[in-house]
Amino acid sequence: MKMTSRKRPHEHEEIKTRTMKSAPPPTFSKVQPAPFSEDEQAVAALDLCDYSVKITLEMAQNDTAHRPVRVYADGIYDLFHQGHARQLMQAKRIFPNVYLIVGVCSDSLTHENKGRTVMDENERYEAVRHCRYVDEVVRDAPWTLDDEFLNKHKIDFVAHDEIPYSAGSSDDIYAHIKARGMFVATERTEGVSTSDVVARIVKDYDVYVRRNLARGYSARELNVGYIKEKTFRLQNKMDELKNKGKKVIENIGEKRQDLIQKWEDKSKEFIGNFLLLFGREGRISHFWNEGKGRIRQALSPPSSPPRSLNASSSSRRHYDSGPPTKMVRYEECADYSSDDGSDGASQDETGDDEVDESRHDGKTLEKAGDVAETNGGTKTAF
């Protein structure tokens, strides 16, 4: 009788799925840095290598060799960057099973053949051995490779870019390696090199000096003069003020609409006040007109008061008619002289009569003037 399992058909799949979820994910990073060639770990790997069997390029590509293929790459690796890491990655992956050995040149050899470096040799050694593609680091590597060095480290292939690398009288220091079929080519990363990085620093020299001064470096450490230092520090202060201004603007970004509305209201109020003062009907124009009138009044002479029509006409009459005739007055005087022999009337009555007669004479004179004007100045009425 065939026994059937009581487990559900998909129970095995669930167990497998839970097992896969609980397992840690695969990792490709190395926990420890690569050893140096004289370290015990590197020496042990060298002893296990059977270098008596020559590994051809075809064997390395097809992974038919019975041991890891020992590939060597060398360089200066100053300011270790992604271009260096990509070159070492290509060398590591050039065959299915590769033990990558990286040689780093010393300071004295580099300064003699290429020039000054930014990082010293110990810094460059440490930078390379912490790259995850590297299995071993050779310190004080030679500038050119000879058979003694290749046999000492049991090197099967040398990895480098195909561009000829000249040194001294040699047009290509890897020419003999290529002739023996031990050369494998890697590709350079365009636009990324140590020279490019140095050129960027030189181009933005002021920026980096200012940054380091702001971080606490002294002018002596940066080889900067006194005046240059003060200039850089002033520029740093200006940048700080600019950054604070930008932050303030960013903080008030949410209140922008309210600020715009307030600005519009204030601008309208300002324009209204301006027109009230300086407009055509404004206060300034009113004050100016009043002041201008006062100035004109002060500078112009006062006009003579107007004379009445009667006064002018009477004066004109007297001027035209000439002095009045006193014929009537003479007759009155003759009358008075004829009455001298009468009993003397009181002098008071005589005085009153003289006043009345003088008034009568005045009226008579006015009538005489009118007659004179109407008759063209004729005086026969008298």
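# Briefing: salt bridges, cores and strands

By the rule used here, in which a side-chain nitrogen of Lys or Arg lies within 4 Å of a carboxyl oxygen of Asp or Glu, the count comes to ten salt bridges. The model is predicted: local features need pLDDT of at least 70, side-chain atom pairs count only at pLDDT 80 or more, and totals for chains, interfaces and linings use all residues. Residues are numbered from 1 along each chain as its sequence is written, and side-chain values use heavy atoms, with hydrogens and water left out.

The protein has 16 helices and five strands; helices (H or I, at least four residues) and strands (E, at least two) are DSSP runs, numbered from the N terminus. Of the 382 residues in the protein, 26% are buried. Buried means under 20% relative accessible area, exposed over 50%, and partly exposed in between, with a 1.4 Å probe and protein chains only. Among contacts (heavy atoms within 4.5 Å) between residues at least 6 apart in sequence, 67% join residues at least 24 apart.

**Salt bridges**

- The side chains of R139 and E38 form a salt bridge, at 2.1 Å from N to O.
- This pair links distant parts of the chain, 101 residues apart: R139 is in strand β3, and E38 is in the loop between α1 (11-22) and α2 (40-47).
- R139 is partly exposed, with a relative accessible area of 34%, and E38 is partly exposed at 45%.
- R180 and D147 meet through their side chains in a salt bridge of 2.4 Å, N to O.
- R180 lies in the loop between α8 (175-179) and β5 (183-186) and D147 in helix α7 (residues 147-152), so this pair ties together parts that are 33 residues apart in sequence.
- R180 has a relative accessible area of 44% and D147 one of 42%, so R180 counts as partly exposed and D147 counts as partly exposed.
- K178 forms a salt bridge with D172, with the closest N and O atoms 3.0 Å apart.
- In this pair K178 is partly exposed at 32% relative accessibility, whereas D172 is buried at 14%.

**Nonpolar cores**

- A nonpolar core is a set of buried Ala, Val, Leu, Ile, Met, Phe, Trp, Tyr and Cys residues joined through side-chain atoms within 4.5 Å.
- The largest core has 26 residues, of which V71, L88, F95, L100, V102, V134 and F157 touch the most other members.
- At least two residues of this core come from each of β1 (69-75), α4 (82-92), β2 (98-104), α6 (121-129) and β4 (157-161).
- β2 gives the largest share of this core, four residues.
- A second, separate core of 21 residues includes Y99, W143, Y174 and M182.
- Residues up to four places away in sequence aside, V102 touches Y72, A73, Y77, L88, V128, V134, E136, V137 and V138.

- Seven of the seven residues of β2 are buried.
- V98, L100, V102 and V104 point one way from β2, while Y99, I101 and G103 point the other way.
- In a regular strand the side chains alternate between the two faces of the sheet.
- β1 and β2 pair in the parallel sense over seven bridges; two strands pair if DSSP finds at least two bridges between them.
- The bridge partner of V71 in β2 is L100.

**E136, a buried charged residue**

- E136 is found in strand β3 (residues 136-139).
- E136 is buried but has no salt bridge, and the nearest side chain of opposite charge, R70, is 4.0 Å away. For charge, Lys and Arg count as positive and Asp and Glu as negative; His and the chain ends are not counted.
- The side chain of E136 makes a polar contact with the side chain of Y99 at 2.8 Å. A polar contact is a pair of N or O atoms within 3.5 Å; within protein, one must be able to donate a hydrogen and the other to accept it, and residues adjacent in sequence count only if both atoms are side-chain atoms.

- A159 is in strand β4 and is buried, with a relative accessible area of 0%.
- The C-alpha atoms of A159 and M182 are separated by 8.7 Å, and the two residues are 23 residues apart along the chain.
- R210 lies in helix α10 (residues 205-214) and counts as buried at 15% relative accessibility.
- The side chain of R210 reaches the backbone oxygen of Q235 at 3.5 Å.
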